[in-house]
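Here is a briefing on one protein structure. Begin with the model itself, then read the points by topic.

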Amino acid sequence: MVAALLQRSAVRRSLFPKCCKKFLSQAVLVSPSASTGQRRDIQPHNSVAHVTRQQEATEPDIFANKSFPDFTRVENYLTSIRSTGLQPTLEDIEGFRPSRHSRPGTKKYANEYRDLLGTLCRAFSKDQLRNLLELYKLDPWWSRAKRKKVEYAESIIEQGWGWPSLKELEERRVDRTEVISKSFPMSPRELFIILGKDGADLLQLSIQYNVHISLIPDPLALHVEGLRGALKQMTEHIDALRKDIEDEIFELPTRRSIPQALIQRISRLAGAYVENYGDGGKVRIFSRDDSMMRTAQRLAARASMEARSDGLVSMLYYEPPGPKSSSLVPADMPHDYSVYPFLSPTPFPWTMHTGGAFRIRRTADWLGVNSQEDITKRGGLFNNEGRFTDFSGKETDLHKVVLNLPTGDDSSDCRLITASLGHLLLSPGEDSRPGSLLPPLRGRMPLRKVLRWLETVRPPTVFVPSFPPLALPAPHARRRTLHRLVYKTLHSGSAHMSDISPSLVVKVEAECLSESSGENSPAVSAVSCSDLSPPQYRIGREALVNLMIPDRPMDLQLSVFDYGLISEEQLPVLKDYFVKLRDYATSGTGDYNPPCPPATFDFDGRTYHLHDNWSLQQSVNLVDLNVSPTDESSAHPRVRVFHEKILDLEASQQSELCQLRLDQSSDWSWRSFLAACDKLTAPWSQARSKEI
């Protein structure tokens, strides 16, 4: 009853101005005396206005005497409610609630919503609407004080009756149709993490939110253009990314800063932003992922170690013997050498400077002399007629140098001598332009002058392993899959280019007994196999000698490793790592990433740092040598050539290694070893000859 009266009262109030004007004009023009037939003079216009205002002042009395019974009852009911202090109930407000509404988002729904909102605002006061919100037992936030009357009515419609918000529907429509642009100011670290590797993450953001993203260099910012709703979601995503970024300060083992070019490469390989921190050999790492941060720490430690050990490898130069007396070329004819740009068929090591790579080679002679050594005529390393000198010009015996390398470990049980094939390259330094073809030493000159320049300037030199065309890899079925870890200690002090400085090394290898199939994969990760063999632990001292052979297509790196075997119980940190790796490879722990090897460990009072973390495929080939056989055998000797296709698990970089191993220390074994080096480092035309 109350609801019906309130509704009718609202209708009457809306009709009041029109009815009131009509009734008052009749009351003024028709007086009670007119009804009895008596005529009165018409009052002036001002008198009519005065009477009208007077009648408006006595409006309730006029309506009380006229025939509006319903309207009078409603007014009387509301007056009685106000006089008694009663408030409208939920039953009263529910009388205004429609049974249904049109589909949200349409124009008809918007009209229905506005009509209902206007009806509630006219039917109830502000305090009544607030009291009704409290009766609905909604959150006190909706019925808080100092809100507008229309806001209380909207809360009843939306929160009490469940109608979709008209404002939100309008905002969604604008979000779906309006195109705007926005700039996000960025710091270098934030931009690097949002970009991802090669910009892949930023491209995914552009596809996900269907926006166009461009970079503003100054000031650094991302300019995004797209729908308003998409930009709102992208803003929330970028804010979440910024909150997830963590930083950590890592102290390098060498206490030396890393070059800026190498810092950028570490950041790109690890997926974490790295920058030098202070002058004390520290780096600051920013990342959203803990595994990326640990990878950046291992790469930074390895880069600092390799930058320090570049000058600790001894270098020798091989000068081939002069032409024999039967040759038509004069014996005293000198050769000139020059520094040529070098393009490698395989990627350079990530620790190498990208400004360019150069190799010292003999220049061609216009008289027709070949620019490379003719091993078939001069005997090569096998005949031992050439000269081995250091950069100062001091001559030495390669056999004595290699067999008597000062490893400093006389108590070792085994000795392994290897020769790796590759190229000894010069780097122009950090100041050179990327991809520059200008060598650090220009012109052609005698070799002695080149060696003096190397001794004086000491440019950065790197031995890059390479694979000779003669040593073809074995089929996939004959390859072994290995997981290899190499740990090294830091060198104490500095070494001269002609000095030989051994380093303490721990090498650990585990073979994959049953690997997943796939012949096209260059190197299979160790975790892709279903079982790992027990790892073999070797510890000892290793010394390296780089042999520069500018008269041939390839150089050599000789190494001597005096080692002994130790049990895994002596290295519990590595034992735990291989246990986790075996569990991951065999049963699967559910983790997406395989376990990472420890970055450092202490053994026998020394700290060993991770240097190599490789997964490789190894094959063994036999190379026939055309040398005079020994008395014990009538067949030509054959030398084993180890071919390894390597995947660096830290840097995700692939490389190839061709290596010869000296099995015995006898004189004949050494000469056969040198003959194999001659055959593999010779030019392709000579290597195929049966005379080598």
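The model is predicted: local features need pLDDT of at least 70, side-chain atom pairs count only at pLDDT 80 or more, and totals for chains, interfaces and linings use all residues. Residues are numbered from 1 along each chain as its sequence is written, and side-chain values use heavy atoms, with hydrogens and water left out.

- Helices (H or I, at least four residues) and strands (E, at least two) are DSSP runs, numbered from the N terminus. Two strands pair if DSSP finds at least two bridges between them.
- β12 covers residues 414-426. Ten of its 13 residues are buried. Buried means under 20% relative accessible area, exposed over 50%, and partly exposed in between (1.4 Å probe, protein chains only).
- β12 and β18 (residues 555-566) run antiparallel and are joined by nine bridges.
- Four bridges pair β12 with β22 (residues 653-662), again in the antiparallel sense.
- Strand β14 (residues 461-465) is antiparallel to β12, with five bridges between them. Here L424 stands opposite F463.

**Nonpolar cores**

- A nonpolar core is a set of buried Ala, Val, Leu, Ile, Met, Phe, Trp, Tyr and Cys residues joined through side-chain atoms within 4.5 Å.
- The largest such core holds 33 residues. L398, L547, L660 and F673 have the most contacts inside it.
- Helix α20 (residues 667-681) gives the most to this core, with seven residues.
- L547 is in contact (heavy atoms within 4.5 Å) with L316, Y317, Y318, F388, L398, D555 and L556, leaving aside neighbours within four places in sequence.
- A second, separate core has 23 residues, including I93, A110, L117 and C121.

**The β4-β6-β5 sheet**

- This open sheet has three strands in the order β4-β6-β5, paired antiparallel.
- β4 (246-251) and β5 (273-277) are the edge strands, each pairing on one side only.
- Neighbouring strands are turned by 25° against each other on average, direction ignored. Axes are lines fitted to C-alpha atoms, for helices over the stretch in contact, and angles run from 0 to 180 degrees between N-to-C directions.
- Six bridges link β4 to β6 (residues 282-287) in the antiparallel sense. E248 stands opposite I285 in β6.
- Helix α10 (residues 188-195) packs on the sheet and touches β5 and β6. Its direction makes about 155° with that of β5.
- Helix α13 (residues 260-270) lies across β5 and β6, running at about 150° to β5.

**The β1-β3-β2 sheet**

- A three-stranded open sheet has the order β1-β3-β2, with antiparallel pairing.
- Its edge strands are β1 (179-185) and β2, and each pairs on one side only.
- The twist averages 20° from one strand to the next.
- β2 and β3 pair over five bridges in the antiparallel sense. The bridge partner of I216 is A221 in β3.
- P219 lies in the loop between β2 (212-216) and β3 (221-227). A cis peptide bond joins D218 to P219, with omega about -5°.

**Helix α8**

- The twelve residues of α8 (residues 149-160) should span 16 Å at 1.5 Å a residue, and the end C-alpha atoms are 16 Å apart, which agrees. The expected span is 1.5 Å times one less than the number of residues.
- Y152, A153, E154, S155, I156, I157 and E158 of α8 are buried.
- The buried residues of α8 pack against α6 (107-123), α7 (126-135) and α9 (166-177).
- G162 follows α8 and has a positive phi, near 75°.

**Positive phi outside glycine**

- D604 has a positive phi near 55°, in a residue other than glycine. D604 is found in the loop between β19 (600-603) and β20 (606-624). D604 is exposed, with a relative accessible area of 70%.
- S652 also has a positive phi near 55° and is not glycine. S652 lies in the loop between β21 (638-648) and β22. S652 is exposed, at 59% relative accessible area.
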